[in-house]
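Trainee: Could you take me through the charged side chains on this one? I'd like a close look at how they pair up and where they sit.

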Amino acid sequence: MKNFILLILILPFFSFSQEIKGVIKEKETNNNIPFAKIFFVDLETGTIADDNGVFFIEHYNQNQIHLQVSAFGYEKLDTIISLNSSQEIKIYLSPNHLEIEEVIVTASTGKLERDNIVSIDKRKLKELYQNSPISLAEAISNIPGVDQNSTGAGIGKPVIRGLSGNRIVTYSQGIRVENQQWGSEHGLGIGAVGIEGVEVIKGPSSLLYGSDALGGVLYFIDERFANHNTFEVKAKTMFQSNTLGAINQLGLKIHKGFFKINLFGGYTSHADYQTPDFENVYNTRFDEKNIKMAIGFNVKNWISSIRYSYLENNYGIVEDSIFTQTFGRSFILPFQNIQNHSVSFENKFFVGASSLSLILGYTSNNRKEFEDNTADEALGFLLNSTTYNLKWKTKEFFSFLHFVVGSQGMYQTNKNSGDEILIPDASTKDVGIFSTINFNFKKLKLLAGYRYDNRFIDTRFMQTPDATFNQLNRTFQGQTFSAGARYNFKKVVLKGNVSSGFRAPNTSELLSNGVHEGTNRYERGNNALKNERATQLDISFDYQSDHFSFSINPFYNSIEDYIFLAPADTIINNNPVFDYKQTSAILYGGEIGFHYHPHKIHWLHIESNFSTVIAEDKNNNPLPLIPQNRINSTFAAELKQDGKLQLKRIFIQYMYKFRQNRIGQFET
């Protein structure tokens, strides 16, 4: 281990570089454009041209480089150029007197947003935090089609088009996040420190992400490195009156030559939540400690980064309806303590016009629950996961065709450490292979893909005074596909996509046998459960003019062998018993929205969207925990002023949630 750490520390100093000069010019006049911004997509860093429009690339040895270039008054450019150390790079920008949308490259697919066939909603975190959400899960619930199920005390589980928990796969630092997400009272497991934005894929995404991506994917993007030969220091603090909550963050970014490093830290503390009646909900207090580090380097045709993060959360557990007049902050029984360690090693190799990426990851999730005293854990889980993600993108054939071939895998162990046991000790092995074929014509883009997955679950025989857990050895297999098309008109983009997904039942659904305190029910697993299988049809229509945009995105999702909890008319340990069962289900609905930016009132932005999901089983019974219909509207004024102290934005947001009359048959 010491040798591995030493290798990580010295690798950046064995990087090699060359210096290539570039200049930004105006296309019509050939004049140089000063102070243009240049971002190197693969390196996650950038630079700024000087007053003569000149910039340098000192640390790049690839044959090609992916650039994004922007300058005030010019159209933003996204391009891939060939490098030759003996030549000066000339980049031409076209004048633009109208506002256009930002050029977006999605991290989850590596494509320009305008080239993606699958609809991906990408948002910057600073935009999602403008309305001061209490948690990261609440922040992303502002995205159309995304909501959260909250059990209080800062715990929120994201919901994408009615599906949540193990049906949603979450990525951070380029690796899969595993944190016992089967629990209703188990939160997102990611801190906001060092996060630049999030991408949301709505609907089955098993083709690229394997089992569990049946409902969608949350892909969190780390902050980019500082511009070349610069350093940045930033601090942020927020205060929330409902909980007397203090959110504090500090960041340092250094980029010198070929060496890049990001350091972030944050601490959040919330007291008990206050209701509109000025009463405090007892034991809803929570806190968060977050540290994140990233080191980036490159050696010839190899770009790499190493990332580490530590996240610790304490959450109070609300068991009774008790209200007080004081704001409690120190933790009292019962409460949860969760510690997460994540390490990722991301690599990208360039071989001619093709590329190979490999991401290795390790996560450790230590979840403890204290009920009677802080010396002994009532519940304890230690979940360790090792993952790999290998992907090869071929060169382009016939100027319109390329292939992507890949494999993903995971080895996971879960061990109990508390007095009580809800699920037995278990190990899980995942392996999947996939391939896609991509056709890129001038206006038409086509994609088709196939994937095969295998999951093996092995559990131990365990026994407590209250329950027995039999040994289980089961293998689950899944085959998924995706096919879609995208056509670009002048101002309209049409997309259509049919995708399938599968989800193997988790250990809790198979073998759970105990009281889940956060939900106040006794859950019993069913070891005969089969895979869930989903097929979704997704269509989108996007209109974009200079000052007005409109989009509509309906979907229809059919799920076979949908797993759900049903009451058993039995009481154990003073808690109602619920059993896991399966049925067929359908979910349909979509999102519709617009953004208006008047030409003569440049500072005004009017934006509104409507989200709806209808979910029911084969007997037309509504599914439980489905978010209600929602309208989210914002009126914003963007103010540009000179001077060091600036008022940049004023906004009014109004969110209306309709009454949810379609509740599940056994929902409380």
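Mentor: Let's start with the overall tally: the chain carries 65 positive and 68 negative side chains, and the centres of those two sets are 7 Å apart. In that count Lys and Arg are the positive ones and Asp and Glu the negative ones, with His and the chain ends not counted. Each charge is placed at NZ of Lys, CZ of Arg, CG of Asp or CD of Glu.

Before we zoom in, keep in mind that this is a predicted model, where local features need pLDDT of at least 70 and side-chain atom pairs count only at pLDDT 80 or more, while totals for chains, interfaces and linings use all residues. Residues are numbered from 1 along each chain as its sequence is written, and side-chain values use heavy atoms, with hydrogens and water left out.

Now the setting. The chain has five helices and 40 strands (DSSP runs numbered from the N terminus: H or I of at least four residues for helices, E of at least two for strands). Its radius of gyration is 26 Å, close to the 26 Å from the globule rule for 668 residues, so the chain is as compact as a globular protein of that length. That radius is taken over C-alpha atoms, and the rule is 2.2 Å times the number of residues to the power 0.38. Of the 668 residues, 53% are buried; buried means under 20% relative accessible area, exposed over 50%, and partly exposed in between, using a 1.4 Å probe and protein chains only.

On to the pairs. Side chains of opposite charge can pair when their charged atoms come close. Searching the whole structure turns up 32 salt bridges, each one a side-chain nitrogen of Lys or Arg within 4 Å of a carboxyl oxygen of Asp or Glu.

Glutamate 532 has 0% relative accessibility, so it counts as buried.

Aspartate 212 is buried at 3% relative accessible area. Beyond its neighbours within four places in sequence, its contacts include Arg167, Arg176, Arg455 and Arg503, where contact means heavy atoms within 4.5 Å.

Arginine 649 is in strand β40 (residues 649-657) and glutamate 638 in strand β39 (residues 630-638), eleven residues apart. Arginine 649 is partly exposed at 27% relative accessibility, and glutamate 638 is partly exposed as well, at 33%.

Last stop, a network: salt bridges link Asp121, Arg123, Arg161, Lys202, Asp538 and Glu591.
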